[in-house]
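Work through the exercises below with the sequence and the 3D structure open. Each task is followed by its solution in steps.

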Amino acid sequence: MSLFKTKSKNIPSETFAALDIGSSKVCCAIAKMNRDINPEKGVTIKVLGVASHAAKGIRGASIINLEDLEDSILNSIHSAEQLAEQTIRSVYVNLPAEALQSHCITTKISLYGQPVKDSHLQKALDVSRDQSIGVTRRIIHIFPISYDLDDSTNIYDPRGMLGDTLTTSLHVITAPVHLIANLSACIGRCHLDVNAFVAGPYASALSCLVDDEKEMGVTILDIGSHSISMMSFYNGSPVYLGCIPVGGNHITHDIAQGLNTNISQAERLKTLYGTLLGTLDDRETILVTQLGEDNTTFANPVSKSFLMHIIKARAEEIIETIERALTSQRIDPIALQRFVITGGSSQLQGLRETMQSHFNRVVRVATPQGLQGIGDVVHTPTFSLCAGLLQYAMRDHQGAQLSHALEKPKGVVGRAWDWIRNHV
């Protein structure tokens, strides 16, 4: 992977691709900036092609079979390229929340009575890169949270203000070096470059949250098949990132165990009959094919109320796990006053109402915003993370994205590369 951004000469400069590598699926989307749509309508990206394939070779934040993962990536990319009638050479890739860590870092810059300039703010970011985070981790994102100028605290934008010492509070997100290296190698074997690695929860936030929510305080929960990623915002900046190892698949497995059926049948039952609302008559039954049987001859009748009981018990446990995870962190309560849920498992009927009742907070189910594309998939919560990667890519192409936050090169060679990056 190149340290610096390069645009392929084989595709139009306004075309970009996203690769969402999850535990259950690999999704590839190819898009371009949409200049034909009135910006007031909020549609800024046109999706040219999107395809998903079952994820193999990866489990959470660990690659367990490089060749299987390569096949999954190639299959999704090939299908997306056929739909988009484009050939891609580089992608924006998510990093799973399970592998990410948050670091709160404070930097101090001496101003000697001079006004704060953009160069001072950039220097604060550069100083944060120099602070030790260990040789086994790499910085992915750096987000300024607040600024203090001498005795003035919690300044939103200090530019132009006079002072002696500028103190910057930063939220730094890191990922394991070995994971980045292995993902880069796997994607490289697919003959692709990586434009940037993006934290999965941040990508979901880019596609689902509105600016007012991030300013007033919000926590987004991306409820996937194997895990739930969490990111809290306040004053427009991310202040917390976390993950819990539970998701929709845990409900599916509970159904399979409780009804003695296979996983695919359990997933079907969850999709068709799963709900957390209301009560059902025990006399209303459904036929469930037993584990090991290949037809419905020996299917057993099961009451819908029993199925709902299984789903509800696990869903309530998941919500309690979310609550424990959030309350155990030192998060400003304002960032927890509203929740936004997205991801495939957020579509479970009644989940929003149950969470709203449990937390006594406003909860909404979010779908990706600002997209125009083929099919309905781009407007579903399942596509939120991939859509966020496209939003990140668009900002990057427009030059409005924050630094990729890769470590600053050191020494004479590093300074030379810095000069090339800034002037070529």
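**Exercise 1.** Leaving aside neighbours within four places in sequence, find the residues in contact with threonine 174.

Solution. Take contact as heavy atoms within 4.5 Å. Apart from neighbours within four places in sequence, threonine 174 is in contact with Ala99, Leu100, Gln101, His103, Ile133, Arg137, Arg138, Ile139 and Ile140. Threonine 174 itself is found in strand β10, residues 165–176. Strands (E, at least two residues) and helices (H or I, at least four) are DSSP runs, numbered from the N terminus. Its relative accessible area is 0%, so threonine 174 is buried; buried means under 20%, exposed over 50% and partly exposed in between, with a 1.4 Å probe and protein chains only. Finally, the side chains of threonine 174 and histidine 103 are joined by a polar contact of 2.7 Å. A polar contact is a pair of N or O atoms within 3.5 Å; within protein, one must be able to donate a hydrogen and the other to accept it, and residues adjacent in sequence count only if both atoms are side-chain atoms.

A note on the source: this is a predicted model, in which local features need pLDDT of at least 70 and side-chain atom pairs count only at pLDDT 80 or more, while totals for chains, interfaces and linings use all residues. Residues are numbered from 1 along each chain as its sequence is written, and side-chain values use heavy atoms, with hydrogens and water left out.

**Exercise 2.** Give the strand order of the open sheet of six strands, and find which helix packs on it, touching β1, β2 and β3.

Solution. Two strands pair if DSSP finds at least two bridges between them. The order is β11-β6-β1-β2-β3-β19, with mixed pairing. β11 (193–199) and β19 (371–373) are the edge strands, each pairing on one side only. From one strand to the next the twist averages 30°. The helix is α1 (residues 66–84), whose direction makes about 145° with that of β3. Axes are lines fitted to C-alpha atoms, for helices over the stretch in contact, and angles run from 0 to 180 degrees between N-to-C directions. Within the sheet, β2 (residues 25–33) and β3 (residues 45–54) run antiparallel and are joined by nine bridges; methionine 33 has isoleucine 45 in β3 as its bridge partner.

**Exercise 3.** Which residues touch the most other members of the largest nonpolar core?

Solution. A nonpolar core is a set of buried Ala, Val, Leu, Ile, Met, Phe, Trp, Tyr and Cys residues joined through side-chain atoms within 4.5 Å. The largest has 72 residues, and Leu19, Ile21, Ile73, Leu95, Tyr202, Phe383 and Leu390 touch the most other members. Helix α10 (residues 384–397) gives the most to this core, with eight residues. Not counting residues up to four places away in sequence, isoleucine 73 touches Leu19, Ile21, Val26, Cys186, Ile187 and Cys190.

**Exercise 4.** Classify the aromatic pair of phenylalanine 339 and phenylalanine 359.

Solution. Rings of Phe, Tyr and Trp (its six-membered ring) pair if their centres lie within 6.5 Å; planes under 30 degrees apart count as stacked, over 60 as edge-to-face and the rest as tilted. Here the centres are 4.8 Å apart with 40° between the planes, hence a tilted pair. Phenylalanine 339 lies in strand β17 and phenylalanine 359 in helix α9, so the pair ties together parts that are 20 residues apart in sequence. Both phenylalanine 339 and phenylalanine 359 are buried.
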